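Please look at the sequence and the model below.

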Amino acid sequence: MPVSPGAPPEAARPGLSASDLALVEALQRDPRAPWTRIAAAVGTDATTAARRWERLQTAGLAWLTAYCTPPTTTVGYVDLACRPDALSALTHELCGWPSVFSVERTTSRFALFLGLSARDLDALDALVTGRIGALPGVREVRLAVATRVYREGSGWLVDALAPEQRAVLDDTAVQARLVVPQQWNDQGLRALVESLGEDGRRSYAVLARDCGMSESAVRRTLARMLRNHELDFRCDLAHVPAGWPVIAGYRLDARATELDRAGTAIAQLPETRLAAAVVGEGNLVVSAWLRVPADCTAYETRLVEAAPGARVLDRAITLRMPKRMGRLLSPHGLGGPHQAIIPAR
């Protein structure tokens, strides 16, 4: 089964075979498809596909989650500078906050890069200035507010399926959705999102048990949430054993008239995991998964080509990512316990 061009040999990707990566891509393309459909795409039977997925989940090599999407929440990206002796304690503390959905330790003078979720701008301000800024050892906090996300992790693909395999999943492609913001005051909705966040392939029966709703109500609610783009699913994987051990982050400043074109072009680069327009220092935040540190130069060259006239204001490599979209990760990026993402209020 094919893998992406330039992929390292199997020995360089311990724990993830080419067939494993194909299974991950099938679930990236259609996260809740029946195992019969997933199996048809990857060339196996439903029982084998389900068993292989269970093995990947148990080993922390891949997982499937769900979370609320903007504009149902306000997203902020924070660069945090701190005393060196406070870094470990701050990392541990922030990984425990439900409103901090991602934590990265980087080579920048801002040692921590955080992804934040809040109900609105007031709540985001209180979280950043009132709570994070008051933590012991914090020296400086730089906040940018996301205004448009051109790509995030749910839109990144491992590129392991052949065209004919992708065609099996094409008829379930997501259609354009109407965005209808929700405040998530209903406890049943919160419980549903939290249960799907822990395991995006949970059955309707299990979801009904977890959130205290009937199975038919869960089906209707989930269908509406997907139709209105209130929820996104994301099949993720451990980036180190999968062969992408380098996470590179960039802040760019593009001309306002070119911002959307630049963001869209950068999002189309296969390595790009995050491309978001922001209001802050610079107006684009970008993150990419790469094979080796030397790839940073080539990727940055293509960034500049994709966004002519944009200036790269900052660049850094992630040394460790202990939390990604609510999932706690081991030092080698293996998936661990899930923490529900709860927007700050």
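The model is a predicted one.

Start with helix α2, which spans residues 35-42. Which residues of α2 are buried? They are I38, A39, A41 and V42. Around the axis they take up an arc of only 160°, which means that they lie on the same side of α2. The spacing of such residues follows from the helix itself. An α-helix makes a turn every 3.6 residues, so residues three or four places apart point the same way. The cover over the buried residues of α2 includes α1 (18-29), α3 (46-58) and α6 (163-170). After α2 comes G43, and the phi of G43 is positive, near 80°.

Now to pairs of helices. Two packed helices are described by the angle between their axes and the distance between the axes. For α1 and α2, the axes come within 9 Å and cross at roughly 130°. An angle over 145 degrees would count as roughly antiparallel and one from 65 to 115 as roughly perpendicular, and α1 and α2 are therefore oblique to each other. The crossing in which α1 passes α2 is right-handed. On the α1 side, A22, L23, A26 and L27 take part in the contact, and they meet W35, I38 and V42 of α2. By class, this contact has seven nonpolar residues, with no polar and no charged ones. Two of the α2 residues named here, I38 and V42, are also among its buried residues.

The second pair is helix α7 (residues 187-198) and helix α8 (residues 204-211). Their axes are 8 Å apart, and the packing angle is about 130°. This pair is therefore oblique as well, and α7 passes α8 in a right-handed crossing. From α7, the residues G188, A191, L192, S195 and L196 meet L207, D210 and C211 in α8. Sorted by class, the contact of α7 with α8 has five nonpolar, two polar and one charged residues.

Definitions and conventions. Residues numbered from 1 in each chain as written. Predicted model: local features only at pLDDT ≥ 70, side-chain atom pairs only at ≥ 80, totals over all residues. Heavy atoms only, no water. Buried < 20%, exposed > 50% of the residue type's maximum accessible area, 1.4 Å probe, protein only. Helix = DSSP H or I, 4+ residues; strand = E, 2+ residues; numbered from the N terminus. Arc of directions from axis to C-beta. Contact = heavy atoms within 4.5 Å. Axes fitted to C-alpha atoms, helices over the stretch in contact; angles between N-to-C directions. Parallel < 35°, antiparallel > 145°, perpendicular 65-115°, else oblique. Left-handed = near helix turned anticlockwise from the far one by under 90°. Nonpolar A, V, L, I, M, F, W, Y, C, P; charged D, E, K, R; others polar.
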